[in-house]
Amino acid sequence: MGTYAAQTQQEFEGWDEFYQIPNDEKLEFFMRDGRIFDVIYAQQFDRGFLDYLCNLADKIRLLAKVKVGQHKLRHLLPHKKAMLYFIQPSTRTFLSFQNACYSLGMSVSEIRSTTTSSEVKGESPEDTIRTFASYVDLIISRHSQAGFAEKTAWVLNQSHRPIPVLNGGSGPDQHPTQALLDIYTLEREFTRLGGLDGKTIAMVGDLKRGRTVRSLSYLMKNYRDVTLYFVSPEVFRMQDDIKMFLKKHGITYHETDDFEGILPLADAIYMTRIQNEYSEDPTSEEETYPAFHFKATHLDKIQAHCALLHPLPRRYEIEVCVDKDPRAAYWRQERCGMWIRSALIAYIFKVDQDILYEFS
Ligand code: CP
């Protein structure tokens, strides 16, 4: 069926030229009235926005603790509808966005496979997206193709009914809302240590194909005196575009394959899995790289305040018995995803001030 859809695919005049423009030169295209409208890349977020959203997420978290607060949240956006178009597998991003929408009173529709949409009849992804825009007020997408969310937003912004698009992961390219939740988690984990400024972060695993580490690296330009360690086997080194970005913004980074060596140096360790869904043979068991797994024996080697993160899903990268250690932050990180995505949706629909007003 993929072949049939490919045969029916038409050209979009101007898209190839737009796609070639460097991301930081086309951020305006995804803004309206001085605010972010579509969330496509991590480069869209500056420090002011990140601090604002983390504060908003904290307030939503507090409101959601009590019935009256939940009631207030649910009455913010009952007139808005969201489409979750997740045709690449997802558990956390899907559920956290879905529950973020519910907690703000929105209704949600979903498509999780092209086999159940009219794409099976050869409708293009772009026409599919335009169809969603006929019915809902927000599209959140997860797709295996790099640039998909960007093209979606580009198509809709030229239509008669532009609605916001949130990128829930586009191929090995970017996962900007994961980067938001990673920042929120790190800021929370370092609350008593002055926040993320000045910290040393180790990113471990498949840095070449991991979209979470790419988006998180982009956000580091917003923090002072951060040092990054990219820890990976040679074949999965971080890509040059990210390293060039870090150099341009004066962010210190080191590349190494000495996982044990960086353990005592890091304030946070961000583990990732091998992204073998992008391999020629995704079922190959060869790609496990045990030298880059966090084991219970490593707990004695990391700092007392070190935060251990993982975007999840996990395979072998962190031993299950590590979960009990208070420094294992990855389950808290999942929950942070729901709060920061709630904050993002509230911001997109301009009810952020209504939430902050509750605390004034
Ligand atoms: N972290 C993350 O994107 O998880 P899912 O693939 O389960 O959404």
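I started with D33, which sits in the loop between β1 (31-32) and β2 (35-36); strands here are DSSP runs of E of at least two residues, helices are runs of H or I of at least four, and both are numbered from the N terminus. D33 has a positive phi of about 50 degrees although it is not a glycine. D33 is also exposed, at 69% relative accessible area (exposed is over 50%, buried under 20%, partly exposed in between, with a 1.4 Å probe and protein chains only).

A note on method: this is a predicted model, where local features need pLDDT of at least 70, side-chain atom pairs count only at pLDDT 80 or more, and totals for chains, interfaces and linings use all residues. Residues are numbered from 1 along each chain as its sequence is written, and side-chain values use heavy atoms, with hydrogens and water left out.

Next I checked K350, in the loop between α12 and α13 (352-357). Its phi is positive too, near 60 degrees, and K350 is partly exposed at 47%.

Then I looked at the peptide bond from L312 to P313, which is cis with omega near 10 degrees. P313 is in the loop between β11 (307-309) and α12 (330-348). For my own reference, most residues other than glycine have a negative phi, and most peptide bonds are trans.

Leaving aside neighbours within four places in sequence, K59 is in contact with I355, L356 and F359 (contact means heavy atoms within 4.5 Å).
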